[in-house]
Amino acid sequence: MNEWGDGTRCVHAGLPEPAPGQPFLPGPVFAAPYHLDPWQGPAGGPNGYGRPDNPTRRLLEDAVGELEGGDCRVFASGQAAITGLLLTLLRPGDTVVLPSDGYYAVRAFAAGTLEAMGVRVVLVPTVGPYPDLAGVRLVLVETPANPGLDVVDVAALAERARAAGALLAVDNTTATPLGQRPLDLGADVVVASGTKALTGHSDLLLGYVASRSTELIEAVTGWRKTTGAIPGAFDAWLAHRSLATMDLRLGRQSANAEAVAALLAGRADVTGLRWPGRPEDPAYAVASAQMRRVPGVLSFDLGDADRVARFIDAARLVVAATSFGGLHTTADRRAQWGDDTAPGFVRLSCGVEDTADLVADMAAALDAAGGPA
């Protein structure tokens with residue numbers, strides 16, 4: 001499948017071989033216990049108990065693994081996946097490097113759990129500068145970073161980490177495996193929230209870890225089995241069904257982001273515009289060399305919280321909601337969630353509305369919102 005295009009890969013990823021009378025994607029298997037062989041027990045079949053074993057979940061893992069280029073394990077949420085990875089790999093006395101400008105909940109987990117168990121946490125901006133990595137167990141980066149959208153050179157950082165004996169994990173949530181494949185760039189492991197653009201319908205929570213290291217995947221699988229951080233069968237089935245349209249969804253979202261970025265760049269009442277697909281963006285050089293497509297997420301500043309509220313109130317196609325990557329265009333004032341951002345900082349996730357409609361609606365809403373206080 002590697003020689004096929006993105007749309008073909010998404011449509012066919014993880015599907016079983018065609019069989020007369022069978023559906024393209026089998027329906028979800030709902031089971032806690034399964035029938036066991038009376039003599040061999042769980043060794044007599046692929047499924048023994050629902051926590052470690054579910055065929056619907058395995059098909060999804062095959063699909064995401066094909067897209068990421070590694071072996072995959074899915075989790076109940078992105079946060080379950082990333083905390084599971086951290087707790088699988090880190091022990092008291094280890095050092096982990098985390099992004100200071102990445103997802104705030106990861107920093108909160110590091111401060112509240114990792115440091116309490118004796119892990120040394122070093123926070124570094126996505127674009128660095130990175131410290132000497134000697135003695136570091138794990139480097140985690142999120143690129144493009146959420147919510148600031150900075151981009152790091154994954155291949156260069158992977159080389160540094162490898163030389164120092166550290167593992168490199170890349171949070172691929174914003175980019176998706178169609179935007180970049182960190183394992184191809186030298187990363188040891190990928191972690192992501194499938195809640196966002198991967199599944200893209202704003203109706204489920206999902207996370208995953210992918211790697212080409214058998215040892216690492218076996219460790220992550222053991223952690224998941226022990227903690228039970230699994231998605232339900234129906235969520236796994238919904239996620240797999242949604243993957244088929246990812247190429248189409250991302251294409252429209254990216255086109256919308258490009259058009260919205262052009263609109264915002266021309267307005268004096270909007271500052272701090274970031275979208276790595278713009279040649280003027282600080283991340284453009286690295287993003288254009290590293291990424292296969294730029295996501296439909298951008299950020300900007302409207303000056304203050306009240307103006308953000310007025311803008312969203314006036315818009316007909318932009319709704320206030322957190323998360324990103326869905327079918328509907330959403331605006332999220334990140335300071336209200338704990339991100340270290342200005343009061344008027346907005347993360348905008350472009351949906352799949354008609355581009356002309358979205359641009360016109362946003363322009364009218366910005367006009368109606370007036371200037372900052």
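The paragraphs below go through a sheet, the helices beside it, a salt bridge and some backbone features of a predicted model.

Because the model is predicted, local features are reported at pLDDT of at least 70 and side-chain atom pairs only at pLDDT 80 or more, while totals for chains, interfaces and linings use all residues. Residues are numbered from 1 along each chain as its sequence is written, and side-chain values use heavy atoms, with hydrogens and water left out.

Five strands make up an open sheet of mixed pairing, in the order β8-β9-β12-β11-β10; strands are DSSP runs of E with at least two residues, helices are runs of H or I with at least four, and both are numbered from the N terminus. Two strands count as paired if DSSP finds at least two bridges between them. The edges are taken by β8 (271-274) and β10 (318-320), each of which has a single partner strand, so one side of each is left without a neighbour in the sheet. From one strand to the next the twist averages 25 degrees. Within the sheet, β11 (residues 329-333) and β12 (residues 345-349) run antiparallel and are joined by four bridges, and Asp332 stands opposite Arg347 in β12.

Helix α10 lies across β10, β11 and β12, running at about 130 degrees to β10; axes here are lines fitted to C-alpha atoms, for helices over the stretch in contact, and angles run from 0 to 180 degrees between N-to-C directions. Helix α10 (residues 305-314) also packs with helix α11 (residues 355-369) at an angle of about 135 degrees, their axes being 8 Å apart. That makes α10 oblique to α11, since angles under 35 degrees count as roughly parallel, over 145 as roughly antiparallel, 65 to 115 as roughly perpendicular and the rest as oblique. The contact (heavy atoms within 4.5 Å) is made by Arg307, Arg310, Phe311 and Ala314 of α10 together with Met362, Ala365, Leu366, Ala368 and Ala369 of α11.

The count of salt bridges comes to 19, each being a side-chain nitrogen of Lys or Arg within 4 Å of a carboxyl oxygen of Asp or Glu. One of them joins Asp6 to Arg293, with the closest N and O atoms 2.8 Å apart. Asp6 lies in helix α1 (residues 6-12) and Arg293 in the loop between α9 (284-290) and β9 (297-301), so the pair ties together parts that are 287 residues apart in sequence.

Turning to the backbone, the peptide bond from Asn146 to Pro147 is cis, with omega near 15 degrees, and Pro147 is found in the loop between β4 and α5 (154-164).
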